[in-house]
Amino acid sequence: MSDSSPARTDALVLDVWCELQCPDCRTALDDVRALRARYGDRLELRLRHFPLEKHKHAFAAAQAAEEALEQGKGWPYVEAVLERVEELDRAGEPFLVEAARELGLDAEEFDTALIDGRHILIVDADQAEGKAIGVTGTPTYVIGGERLDGGKSQEGLRERIEEIADRLLGERDA
């Protein structure tokens, strides 16, 4: 999922392999927000779905995130769901629809999207690509061809991403 527009094709891309029922991904939100604040339009944050089998609502949540993107509020929805991982654990799909309603999205369309599975192929493709490049847990970041695994520890990851981003952006500007 990407909130980018065609005008941002020159932005450096940071793929964020995430799943919306993952407490570690919730913890990583602070880093994502800090990166967004530091780099603005020079860094495109692209959510990539990697639902884990151990979280029974993660696949539906990934589909819901794609519906939120389609309705124009992808990242706000992702952040709202991650902030309330425990509610997703308890309530499942009804929570996903309620979170959409709270953000002013078309909740009925969310419900329909979860039933008809219109976003399944996007989620499946992300998951397959993640497996192909060695993603095993979430969050995992890929920037400039380098994979950084945050599923084991978030310690120092934002700094490492900033080092890579600064170097790559510096090379572009030179």
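**Briefing: sheet, cysteines and a helix crossing**

Strand β3 (residues 140–143) and strand β4 (residues 146–149) pair in the antiparallel sense through four bridges, where pairing requires that DSSP finds at least two bridges between two strands, and where strands (E, at least two residues) and helices (H or I, at least four) are DSSP runs numbered from the N terminus. The model is predicted, so that local features need pLDDT of at least 70 and side-chain atom pairs count only at pLDDT 80 or more, while totals for chains, interfaces and linings use all residues. Residues are numbered from 1 along each chain as its sequence is written, and side-chain values use heavy atoms, with hydrogens and water left out.

**The sheet**

- Four strands form an open sheet with mixed pairing, in the order β2-β1-β3-β4; β2 (43–49) and β4 stand at the edges, each with a single partner strand, so one side of each has no neighbour in the sheet.
- The twist from one strand to the next averages 20°, with axes taken as lines fitted to C-alpha atoms (for helices, over the stretch in contact) and angles running from 0 to 180 degrees between N-to-C directions.
- Strand β1 (residues 12–18) pairs with β3 in the antiparallel sense over four bridges, and Leu-14 stands opposite Ile-143 in β3.
- Helix α8 (residues 157–173) packs on the sheet and touches β1, β3 and β4, its direction making about 165° with that of β4; contact here means heavy atoms within 4.5 Å.

**The β3–β4 hairpin**

- Two residues lie between β3 and β4 in this hairpin, and Gly-144 in the turn has a positive phi of about 60°.
- The bridge partner of Val-142 is Arg-147 in β4.

**Cysteines**

- With a disulfide taken as a pair of cysteine sulfur atoms within 2.5 Å, the count comes to zero disulfides.
- Cys-22 is in no disulfide, the nearest cysteine sulfur being that of Cys-25, 3.6 Å away; the sulfur of Cys-25 is 3.5 Å from the closest cysteine sulfur, in Cys-18, which is too far for a bond.
- Cys-22 counts as buried at 4% relative accessibility, and Cys-25 is buried with a relative accessible area of 3%, where buried means under 20%, exposed over 50% and partly exposed in between (1.4 Å probe, protein chains only).

**Helices α2 and α6**

- The axes of helix α2 (residues 58–70) and helix α6 (residues 107–116) come within 10 Å and cross at roughly 130°.
- The contact involves Ala-60, Gln-63, Ala-64, Glu-67 and Ala-68 of α2, together with Glu-109, Phe-110, Ala-113 and Leu-114 of α6.
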